[in-house]
Amino acid sequence: MVQPRSLPDDLYRLSPTNSEPRELPEPDVQILTSGGLRIPAHSSILASVSPILENIIDRPRKHRSSQRVIPVVGVPCEAAVSFVRFLYSSRCSEESLEKYGIHLLALSHVYLVPQLKQRCTKDLAQRLTIENVVDVLQLARLCDAPDLYLKCMKLVSKHFKAVEATEGWKFMQDHDPWLELHVLQFIDETESRKQRTRKHREAQSLYLELSEAMECLEHICTEGCTSVGPYDVEPNKKKGPCSKFSTCQGLQLLIGHFATCKKRVNGGCLRCKRMWQLLRLHSSICDQPDSCRVPLCRQFKLRLVQEKKKDDARWKLLVRKVVSAKAISSLSQPKRKRVEELGDSIRSFRL
Ligand SMILES: [Zn+2]
Ligand SMILES: [Zn+2]
Ligand SMILES: [Zn+2]
C-alpha cells in the first residue's frame, strides 16, 4: 500500500475570500488517486455536486465499519486533486486548467459535473493550437462537448495543411478512421457552403444591377439622360451626367443600337436581344403602363396577358428577385461605390 502523501492544505477552503476554512464534519470517505494518494472527503458534499459520486456513495457496502474508498484513477494525481478541490469550492485555478484541462474535462464528463465541464470546455477552446487540436477534438467527441468539437473542426478545416502534418493527425488516421472521415466531410461541407454563399452573392449583385438598370431605363425614357431622351423631347446637352451615369451610359448606347440595328432580335442580334429583355423586364415591373414612356411597355403587358408562357414561373421569379434586390441591398450593405463597380456591366447581363 502506498503511504498517503500530504494534502494541499487549502483543499477544503470553500471560498478563497474567507480567510478561515468553513467548519466541516469529519471526512467519511476517501478518494484514491492514481498515485496512491488518499484524499479524505465528505460524502454529503461529493454527492451534492456529482450524481455519479452520489450513486457510488449510496451503494451498499460489504464492510459497514470500513471507510468508503472512491477511486478516481486514469488521470494524474494532481488532476484528481484539482477535481476534488472543484467539487468543494466550484473553483479551478488557471494553472490547473492549463496543466490538466483535458483530464478535468474527462473527469467532469465521467462524474457529471456540468459547471466544471463548461469551464474546461471554454478554457480548452481558448488554448487550441495546431499541435493539440486533434487530441482535443477526439476528447471533445468522447466527452460529448459539441461547442469544443465544432471549434476544433473549424480550426482543423482552416489550417488543414498544417494540422495534417502533426503527429496527432497521423495517430488519429491510424486509430480513428471514422473521425478522420468526419473531419474530411466537415471540410467538404464548409467548402460547398462557402461556394453557395458566393453564388448567392453573385446572383444578388446581378439582380441589383438589373434593378438599377430598370431605374435608369425609366429615367432615360421619362426625362432623358445625356444623349437619349423621350421621343418628343430633345436631350438636354448642357445637363451633366446623372448620379448613375455608368449604367445610364451603357443603356443609352444599347438603346441607340436597338434603334438602328439592321439584324434586330429575330436576326439573332445579342445586343438587341438584351435590350428586348430589359424592356420586357421593365414592363413586368411597371405599374403604370398607361402613362409609361418606356417603349413597348404596354405592348409587353398585353402580350403577357394573352400568352401564358411556360417559362412564366421562372420569369416571375426573376422579376421578384430584381424588385427585392434593392430592398435587400439597402438593408444589408453599407453604401458602396456601386456605380463605379457596375462599369459597363450592362453589356454582361445574362438573362
Ligand atoms: Zn442618367
Ligand atoms: Zn442589334
Ligand atoms: Zn412602363
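Q: In this predicted model, what is the order of the three strands in the open sheet?
A: The order is β2-β1-β3. The pairing is mixed.

Q: What makes β2 and β3 edge strands?
A: Each pairs on one side only. A pair needs at least two bridges between the strands. β2 spans 38-41 and β3 spans 68-72. From one strand to the next, the twist averages 30°.

Q: How do you know that β1 and β3 count as a pair?
A: Five bridges link β1, residues 29-33, to β3 in the parallel sense. The cut-off is at least two bridges, so the two strands pair. Within this pairing, Val 29 stands opposite Arg 68 of β3.

Q: Which helix packs on the sheet, and which strands does it touch?
A: Helix α3, residues 77-89, packs there and touches β1, β2 and β3. Its direction makes about 145° with that of β1.

Q: What makes a set of residues such as the one around Phe 83 and Val 84 a nonpolar core?
A: Its members are buried residues of nonpolar kinds, joined through C-beta atoms within 7 Å. The largest such core has 46 residues. Those with the most contacts inside it are Phe 83, Val 84, Leu 104, Val 136, Leu 137 and Cys 152. Several elements each supply at least two residues, including β1, β2, α4 (94-110) and α7 (146-158). Helix α3 gives the most, with eight residues.

Q: What does Leu 137 touch, leaving aside residues up to four places away in sequence?
A: Leu 137 touches Tyr 149, Cys 152, Met 153 and Val 156.

Q: How far apart are Gln 185 and Ser 157 in sequence and in space?
A: They are 28 residues apart in sequence. From C-alpha to C-alpha, Gln 185 and Ser 157 are 10.0 Å apart.

Q: What share of the protein counts as buried, and how many helices and strands are there?
A: Of its 351 residues, 28% count as buried. The protein has 15 helices and three strands. Among contacts between residues at least 6 apart in sequence, 58% join residues at least 24 apart.

Definitions and conventions: Residues numbered from 1 in each chain as written. Chains lettered and ligands numbered in written order. Predicted model: local features only at pLDDT ≥ 70, side-chain atom pairs only at ≥ 80, totals over all residues. Helix = DSSP H or I, 4+ residues; strand = E, 2+ residues; numbered from the N terminus. Axes fitted to C-alpha atoms, helices over the stretch in contact; angles between N-to-C directions. Contact = placed C-beta atoms within 7 Å. Buried ≥ 20, exposed ≤ 12 C-beta atoms within 10 Å, placed from the backbone.
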